[in-house]
Each structure stands twice: as structure tokens, then as C-alpha cells.
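Please consult the sequence and the model shown here alongside the text.

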Amino acid sequence: MKSSFDLSFLDRTLRTTAIVFLIMLPFGIYYFGVFPTLAAYSGGIWGMINLIFISALVRSAIRPDGADKNRAIVLSLIKFPLLYSSGYFLLTVEKFSAIHLLIGFSATMVVLVLKAAGRLMLHLDEKEVEQGKLGKVH
Amino acid sequence: MDYQAMLAWALPMGVGLAAVGSGLGLGRAVGSAMEAIGRQPEASGKIQTAMIIGAALIEALTIYALVVFFILSGKIGS
């Protein structure tokens with residue numbers, strides 16, 4: 001099983017977050033109701049899309065072989081006006097509480113931090129260095 | 001100065017401070033990442049991943065400040 005701390009780590013984080021959301025769906029609807037759950041899901045999906053855009057923006061703008069300027073500009077034009085205005089729209093929906101939106105948005109961050117903390121506690125990166133997965137270190 | 005006036009004064013100041021703080025933090029993160037990639041291009045994947053996580057968390061904190069602004073701004077003038 002591949003589990004290195006490269007760019008696929010973010011894809012795995014998004015996948016884990018989606019699985020967590022799917023598992024929590026029936027419990028959320030049963031215990032908190034439809035609209036709070038829907039708000040948390042909207043916040044969560046918004047957070048996941050935001051992370052995808054941050055990741056794509058960094059991958060296109062910060063590279064050893066020079067930035068892909070056109071791609072970075074297109075991503076910026078989508079992320080900053082469109083994604084943030086959709087976030088504002090979600091905050092203005094009367095049936096959605098801002099707290100529930102925040103809970104959903106935070107889920108991605110929680111998964112991200114827990115996965116990174118798990119790697120740290122299990123010393124996975126050190127083991128990879130020992131196994132020579134990182135290649136030659138200067 | 002009453003509670004409403006203090007809230008109306010403090011909310012935009014708080015969001016502004018959060019934005020300035022996150023801007024400074026992101027600037028440092030990106031600058032350090034560029035420097036690290038320049039020194040060790042073969043580790044760019046790991047550096048980018050760490051930077052993306054840092055950027056996401058910094059941005060999340062600013063978004064929290066903005067949402068708190070929206071929550072508390074409804075209390076101004078009520």
C-alpha cells in the first residue's frame with residue numbers, strides 16, 4: 001500500500017473525508033435533522049473543493065521547472081471570485097446555520113491534521129527515508 | 001462607547017487583523033517553500049504537500065474569522 005507524504009497524500013485525504021461524510025450521513029439526518037446535515041455537507045463539499053483548488057494552484061504556480069502561468073491564472077480566476085462568492089451564498093441561505101457550515105468545512109482540516117499526525121506518531125516518514133524511498137538526499 | 005458601537009468597531013478590525021496575519025503567514029510559507037524547492041528540487045513533491053497543508057490551514061483560520069464576523073454582525077443594531 002502506497003502511503004508516502006507526496007502529493008497523493010492530499011488525494012487520499014479528500015477520499016477519506018468523502019468516506020467520513022458518507023458514513024456520517026444517516027446519523028446526521030437522524031440526530032440533527034435534514035437542514036443542519038445539509039449545511040454541514042455543503043460546508044464540507046465547499047472545503048473539499050477549496051482544498052482541490054489550493055492544491056492545483058500550488059502545483060501549477062510553485063514548481064521546480066517554472067510556473068504554468070496560464071493554468072495558475074485560470075485557477076485563480078475560478079477560486080477567488082467564484083468559489084468565495086458561492087461560500088458567501090451558502091452563508092446567506094436562511095436555513096443553513098453558519099456553525100453547521102463551519103463544522104462541515106472543518107471536517108477536511110480535521111482529517112488532514114489527523115492523517116499528518118498519524119504519520120508523525122508512526123514515524124512513517126523516517127521509515128521511508130531508511131528504506132530509501134526518497135532517493136538521494138543531498 | 002456602548003456594546004453595539006464596540007462590536008461594530010471591533011468586528012472589521014478583527015477580520016482585518018486575521019487577513020493581515022494570514023497574508024504574512026502565507027507569504028512566509030510560500031517564500032520558504034520556494035527556497036527549499038530551489039535547494040532540493042527532487043523533494044518538491046513533499047515540500048509542495050506540506051505547503052498546501054499549511055496554506056489550507058492558514059486559509060481556514062481566516063475563513064473562521066470571516067464566519068464569526070458574519071455571525072456577530074447580525075447582532076449590531078439589534
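## The largest pocket

Helix α2(B) gives the most to the lining of the largest pocket, with eight residues. The structure is a predicted model, and the space in this pocket comes to about 610 Å³.

In total, 29 residues line the largest pocket. Those nearest its centre come from both chains: A:Trp46, A:Lys79 and A:Tyr84 from chain A, and B:Glu59 and B:Ile63 from chain B. By class, the lining holds 24 nonpolar, three polar and two charged residues.

## The second largest pocket

The second largest pocket has a volume of about 330 Å³. Its lining consists of 15 residues, and A:Met24, A:Gly28, A:Phe32, A:Ala40 and A:Ile103 lie nearest its centre. Helices α1, α2 and α4 of chain A each supply at least two lining residues, and α1(A) gives the most, with six. Eleven residues of this lining are nonpolar and four are polar, while no charged residues are present.

Which helix holds A:Gly28? A:Gly28 is found in helix α1 of chain A. This glycine counts as buried because its relative accessibility is 9%, and buried means under 20%. Leaving aside neighbours within four places in sequence, A:Gly28 is in contact with A:Gly33 and A:Thr37. Between A:Gly28 and A:Tyr41, which are 13 residues apart along the chain, the C-alpha separation is 9.8 Å.

## The largest nonpolar core

The largest nonpolar core contains 41 residues, among which A:Phe105 and B:Ile52 touch the most other members. Helix α2(A) gives the most to the core, with ten residues. In soluble globular proteins, nonpolar side chains tend to be buried together.

Which residues does A:Phe105 contact, leaving aside its neighbours within four places in sequence? In chain A, the partners of A:Phe105 are A:Gly43, A:Gly44, A:Trp46, A:Gly47 and A:Asn50. In chain B, A:Phe105 is in contact with B:Ala60, B:Ile63 and B:Tyr64. Two of these partners, A:Trp46 and B:Ile63, are also among the residues that lie nearest the centre of the largest pocket.

## Two buried serines

B:Ser22 lies in helix α1 of chain B. Is this serine buried or exposed? With a relative accessible area of 12%, B:Ser22 is buried. Its side chain reaches the backbone oxygen of B:Ala19 at 3.1 Å, and a polar contact of 3.1 Å also joins the side chains of B:Ser22 and B:Thr62. When residues up to four places away in sequence are not counted, B:Ser22 touches B:Ile58 and B:Thr62.

In chain A, A:Ser42 lies in helix α2. A:Ser42 has a relative accessibility of 17% and therefore counts as buried. Not counting residues up to four places away in sequence, A:Ser42 touches A:Leu90, A:Phe96 and A:Leu101.

Terms used: Residues are numbered from 1 along each chain as its sequence is written. Chains are lettered from A and ligands numbered from 1 in the order in which they are written. This is a predicted model: local features need pLDDT of at least 70, side-chain atom pairs count only at pLDDT 80 or more; totals for chains, interfaces and linings use all residues. Side-chain values use heavy atoms; hydrogens and water are left out. A nonpolar core is a set of buried Ala, Val, Leu, Ile, Met, Phe, Trp, Tyr and Cys residues joined through side-chain atoms within 4.5 Å. Buried means under 20% relative accessible area, exposed over 50%, partly exposed in between (1.4 Å probe, protein chains only). Helices (H or I, at least four residues) and strands (E, at least two) are DSSP runs, numbered from the N terminus. Contact means heavy atoms within 4.5 Å. On a 1 Å grid over the protein atoms alone, a cavity is a set of points where a 1.4 Å probe fits but cannot get out, and a pocket is an open set with protein on both sides within 12 Å along at least five of seven lines; lining residues have an atom within 4 Å of a point. Grid points are joined across faces, edges and corners, and a volume is the space filled by probe spheres set on the points. Ala, Val, Leu, Ile, Met, Phe, Trp, Tyr, Cys and Pro count as nonpolar, Asp, Glu, Lys and Arg as charged, and the others, Gly among them, as polar. A polar contact is a pair of N or O atoms within 3.5 Å; within protein, one must be able to donate a hydrogen and the other to accept it, and residues adjacent in sequence count only if both atoms are side-chain atoms.
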